[in-house]
Each structure stands twice: as C-alpha cells, then as structure tokens.
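The sequence and the three-dimensional model are shown first, and the description follows.

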Amino acid sequence: MAQAVINEDIQIKNVFKRFGDFEALKDVSLSVKAGERVVICGPSGSGKSTLIRCINGLERHESGSIIVDGITLAERGASLQQIRSRVGMVFQQFNLFPHLTVLDNITLGPIRSKKLSRVQANKLAMTYLERVKIPEQAQKYPRQLSGGQQQRVAIARSLCMEPKILLFDEPTSALDPEMISEVLDVMIGLAETGITMICVTHEMGFARRVADKMVFMDEGKIVEMAPPSKFFDAPNTQRCKNFLKQILQH
Amino acid sequence: MKKLIILFLAVAFLPGCSDDWGWYVVNPYNRSGLINLKFLLSGYYFTLLLSFTSILISVVVGLLVALPGLSKNPWLRNFNRVYVEVVRSVPILVLILWVYYGLPPITGLDVTVFWAGVIALALSDSAFQAEIFRGGIQSIDKGQYEASHSVSLNYRDTMRFVILPQAIRRILPALGNQLVYMLKMSSLVSIIGMQELTRKANELVVTEYRPLEIYTVLVLEYLVLILVVSAGVRWLERRLQSDERG
C-alpha cells in the first residue's frame with residue numbers, strides 16, 4: 001500500500017488529439033497519484049471530456065504517451081483490455097444496457113471479462129448496489145428507474161469491476177436538479193474509500209469538498225492546476241477567474 | 001380481417017354451386033376428393049421445411065455479411081457492398097435455375113432439388129438480411145459500445161450480449177416480413193420439381209383438369225399459412241418488447 005501511494009496511477013505526457021481540423025488536445029500533460037481525486041473543469045469544447053476519454057482508450061491520442069497503472073496505452077490489443085479492466089467510467093448519459101436488468105447490467109462485465117461465476121458476481125453486485133443505496137431495484141429494468149437511480153446503477157456497474165481508477169464524465173449534467181445530490185452523495189462516499197478519481201464536472205461545491213487537485217482547461221490546454229483552496233480563492237489566470245465567476249454566480 | 005376472409009370464401013365457393021365448377025375434385029366427403037385434398041396439403045411439408053431452413057441460413061449469412069459492412073477497414077466494407085449489390089440484382093427464379101443446373105457441373109457436387117432450393121433462397125435472402133442487420137446495428141447508440149468497452153468487454157462479447165440483443169428486437173418486424181416473403185418465394189422452387197404446395201397443385205391440375213378449383217385451394221393454403229406465421233411473429237415481438245418494458 002505504501003508503495004502504491006508513491007506510484008503514479010496515471011501519467012499523461014505531451015498528448016495531442018485532433019478531430020479533423022479541430023485540435024481537441026494540445027500538448028496536455030497531467031499526472032495523477034494513486035488515491036488522488038482530481039476535478040477537471042472548463043468551458044465546453046475545452047477538451048476535458050476528450051482528455052479523460054483518452055485515459056481508457058475511448059479516444060485514441062495521436063502523439064505523446066499515456067501510462068495507466070504502469071501500462072502504456074498502445075494503439076490496440078492486450079494493453080487496452082488490461083487498462084479498461086482497471087479503469088471504470090461513468091458517463092453523462094448513463095449508458096446502461098436497456099435490455100438487461102439492473103443486476104445483469106452490473107454483472108455482465110465481471111462475468112465475461114473477469115471470469116467470475118454468476119453466484120460470485122451477483123454477490124459482489126449486491127454489495128455495490130447497497131453502496132449506492134438501491135439494492136431493492138436489482139431485478140428492475142433501467143427504464144423503470146429515475147435518472148438519479150440509473151446513474152447510481154452505472155456507478156455500481158463500474159465499481160463491480162473493482163477498478164483502481166474511476167473516471168466521471170459530467171455524471172450529473174443530464175440529471176434533473178433534485179437528483180443531482182443523490183449522485184453526488186454517492187461520489188463523496190466513494191472519495192472517502194481512497195479510490196483514484198478523475199471527475200469532469202461543474203459541481204463546484206463537490207469539487208471544493210473532495211478534490212485534491214483542480215484542473216482548469218481551455219481550448220485544449222491545461223491552463224491552471226492547483227489545490228482547491230488556492231484554485232477557488234486565488235486563481236492565477238484571468239480566463240480561470242472569468243470562468244469561476246460565471247459558474248459560481250448561480 | 002375475419003370479415004375479409006369470409007368474403008373471400010363466399011366469392012370463391014358460392015359460384016361453385018353452379019354446374020360450371022367442379023368442387024368434387026377436392027371435396028373431402030368423396031373418396032377421390034379426399035385423396036386429392038390430402039395430396040395438396042402434403043405440400044406444406046416441403047414448403048415449411050424449405051422456407052425455415054433457408055431463413056435460418058440466410059439470417060446467419062446475413063449477419064456475417066453485415067458485420068464487415070460496419071468495419072473501419074475499407075476492404076471489408078467493400079466486400080459487404082459487392083456481396084449485397086451482386087446477390088440482390090439476380091432474380092430469385094434465375095438464381096434457382098442457376099444453382100440447380102449450374103452449380104453441379106462447376107463444383108462437381110451432387111446438388112439435390114431440396115438443397116438447390118435452399119441455397120438459392122438463402123443466398124438471395126441473405127443480401128436483404130445483411131442490409132436489415134446493418135441498419136439495426138447502426139441504430140444502436142454509440143454509448144452502448146463505450147459502456148461495454150468501459151467494463152472491458154471484447155468485440156465478440158459486446159456484440160453478443162449488448163448490441164445484437166438490442167438490434168434484433170428492433171429489426172424483428174423486418175425479419176418477420178422476410179419470413180413471409182420467403183414462404184411465398186418458396187413456390188418458385190416448384191420449377192425444378194420440389195414437391196411443395198405449388199408443385200403439388202400443378203401436378204394435380206395436369207391429371208384432373210380443374211385449375212380453377214385446385215388453384216383456389218392453393219391460394220387458401222398460402223393465405224392460412226401466412227396468417228398463422230404473421231400472428232406468430234407478432235406474438236414474439238410483443239414478448240420480447242415486454243421484456244424491456246418489464
């Protein structure tokens with residue numbers, strides 16, 4: 001465990017990524033220690049989602065290197081599969097499997113890619129459903145649940161793979177306001193377990209409470225990186241000041 | 001629907017009371033009529049066997065042709081396009097004749113009437129199945145692939161457990177249409193001597209000289225068959241959809 005704290009879970013070095021003519025990431029470098037909680041914010045189109053989608057290979061970076069838990073993210077093949085079994089991801093649109101029950105949504109990954117037996121997987125799934133406080137919904141289908149409940153199922157689905165790292169891609173942006181806090185509560189609970197977390201979010205109250213490191217991105221670059229106390233009270237750049245002013249107004 | 005059927009029966013059978021018609025050929029209450037009727041009905045065996053065997057094969061082949069069509073590799077995509085375009089432009093009747101008379105000398109294989117029919121029907125239908133599958137798979141949201149990747153599923157498992165179960169629910173009405181189409185197209189295989197419904201009717205017409213009555217029975221045979229199959233498909237659709245809604 002002591003060693004894990006010293007090790008860096010994620011090392012991103014000089015990463016570039018373009019979509020056609022649009023440069024989504026320009027020379028981005030970021031390292032995240034094991035157990036660290038990073039919140040990434042910035043205006044839309046700033047590359048924050050693209051950055052975390054590069055970490056588990058949903059987007060391919062063009063140059064630079066990404067090392068996750070000691071494994072270099074290569075173009076294809078085994079390394080990608082290995083990284084994905086260690087990195088969980090929670091999406092803005094939940095992306096639950098609509099034809100499967102909540103329980104089957106959660107156990108599909110562990111059964112197929114970790115070769116767990118159905119009994120083991122079900123047991124594990126129930127412990128995580130209890131962690132997100134909806135064990136009673138196990139036999140329902142996603143469309144029978146509210147948005148907040150669906151997102152909590154999605155979190156349980158990621159946790160059931162027992163990842164070292166969890167990525168959150170604007171997990172509360174598609175939710176009705178009254179459901180945001182139930183999801184944030186679960187995420188705060190997770191932060192206390194010591195799992196490495198990278199969250200793209202505009203929930204600044206959450207960020208202030210759990211983040212070890214704040215990252216502000218604009219136009220494909222990391223503009224500012226600081227602990228939350230410094231980040232919120234004395235940001236270095238004008239762009240970051242303006243952004244915070246706008247987002248904290250409401 | 002029921003009213004339509006009764007109307008059709010009335011139009012078909014009422015004139016039979018006059019002397020111009022000879023329903024005796026298929027009247028189950030006299031001996032030769034019963035034999036003739038049984039002869040006609042026995043055609044169901046090969047119509048069903050032929051159609052269902054063909055559609056099973058064409059669904060599998062269609063899926064195998066559809067998947068390369070969704071690939072990023074242009075060669076695989078071209079294979080899909082060429083297969084679909086070429087197979088789709090040959091009329092089924094021509095395909096049946098070609099498979100029956102052309103395939104044995106080319107391959108040296110002994111192709112029976114039944115398998116010639118199956119190959120021709122399945123081949124022809126597979127091009128349509130491929131297009132149906134491609135559309136169904138493309139209609140599935142990109143997020144489903146991303147979620148599958150994020151729980152470390154490989155391509156096969158993603159397709160098998162996430163994408164195809166959803167795609168098949170969506171294309172079920174189209175697959176039902178293809179099944180009905182196949183049942184009807186199987187009548188064309190009569191031309192190479194397959195003993196299915198149409199061939200039996202043709203043979204009986206030659207011996208009894210009563211085309212009007214015998215072909216009327218043939219029409220009814222197909223009508224009943226297709227109504228039953230359509231009802232079955234609709235039942236299956238409802239069952240699969242209630243799964244999702246719970």
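## Helix α9 of chain B

Helix α9 of chain B, residues 197-208, consists of 12 residues and reaches 16 Å from its first C-alpha to its last, close to the 16 Å expected at 1.5 Å a residue. The model described here is a predicted one. Within α9(B), the buried residues are B:L197, B:T198, B:R199, B:K200, B:A201 and B:L204. After α9(B) comes B:Y209, which has a positive phi, near 55°.

## Chain B as a whole

The secondary structure of chain B amounts to 10 helices and zero strands. Read from the N terminus, its elements follow the order α-α-α-α-α-α-α-α-α-α.

The radius of gyration of chain B is 22 Å, whereas a compact globule of 246 residues would have one near 18 Å. Along the principal axes, the C-alpha atoms of chain B fill a box of roughly 75 × 50 × 25 Å. Of its 246 residues, 30% count as buried. Among the contacts in chain B with a separation of 6 or more, 73% are made by residues 24 or more positions apart.

## A four-stranded sheet in chain A

Chain A contains an open sheet of four strands in the order β2-β1-β4-β5, with antiparallel pairing. Strands β2 and β5 (71-72) of chain A stand at the edges with a single partner strand each, so one side of each has no neighbour in the sheet. In general, strands of a sheet pair through backbone hydrogen bonds, in either a parallel or an antiparallel sense.

Strand β1 (residues 8-19) of chain A pairs with strand β2 (residues 22-33) of chain A in the antiparallel sense, over eight bridges. Along this pairing, A:I12 has A:L30 in β2(A) as its bridge partner, and A:R18 stands opposite A:E23 in β2(A). The hairpin of β1(A) and β2(A) has two residues between the strands, and A:G20 takes a positive phi near 60° there.

β1(A) also pairs with strand β4 (residues 63-68) of chain A, in the antiparallel sense and over five bridges. Here the bridge partner of A:I10 is A:V68 in β4(A), while A:K13 stands opposite A:S65 in β4(A).

## Helix α2 of chain A

Helix α2 (residues 48-55) of chain A is largely enclosed by the rest of the structure, because eight of its eight residues are buried. These buried residues of α2(A) are A:K48, A:S49, A:T50, A:L51, A:I52, A:R53, A:C54 and A:I55. Following α2(A) is A:G57, with a positive phi near 75°.

## Nonpolar cores

Which residues touch the most other members of the largest nonpolar core? In this core of 111 residues, they are A:I40, A:Y128, A:A156 and A:L167. Helix α6 (residues 113-138) of chain B gives the most to this core, namely 12 residues.

Leaving aside residues up to four places away in sequence, A:I40 touches A:K48, A:L51, A:I198, A:C199, A:V200, A:V215 and A:M217. Two of these contacts, A:K48 and A:L51, belong to the buried residues of α2(A).

## Where the chains meet

How many residues of chain A are in contact with chain B? There are 23 residues of chain A in contact with 20 residues of chain B. On the side of chain A that touches chain B, the elements giving two or more residues are α3 (78-86), β6 (87-90) and α4 (102-113) of chain A. The largest share of this side, four residues, comes from α4(A).

By residue class, the side of chain A that touches chain B comprises eight nonpolar, 10 polar and five charged residues.

Technical notes:
Residues are numbered from 1 along each chain as its sequence is written. Chains are lettered from A and ligands numbered from 1 in the order in which they are written. This is a predicted model: local features need pLDDT of at least 70, side-chain atom pairs count only at pLDDT 80 or more; totals for chains, interfaces and linings use all residues. Two strands pair if DSSP finds at least two bridges between them. Two residues are in contact if their C-beta atoms, placed from the backbone, lie within 7 Å. Ala, Val, Leu, Ile, Met, Phe, Trp, Tyr, Cys and Pro count as nonpolar, Asp, Glu, Lys and Arg as charged, and the others, Gly among them, as polar. A nonpolar core is a set of buried Ala, Val, Leu, Ile, Met, Phe, Trp, Tyr and Cys residues joined through C-beta atoms within 7 Å. A residue is buried if 20 or more other C-beta atoms lie within 10 Å of its own, exposed if 12 or fewer, and partly exposed in between; C-beta atoms are placed from the backbone. The radius of gyration is taken over C-alpha atoms; the globule rule is 2.2 Å times the number of residues to the power 0.38. The expected span of a helix is 1.5 Å times one less than its number of residues.
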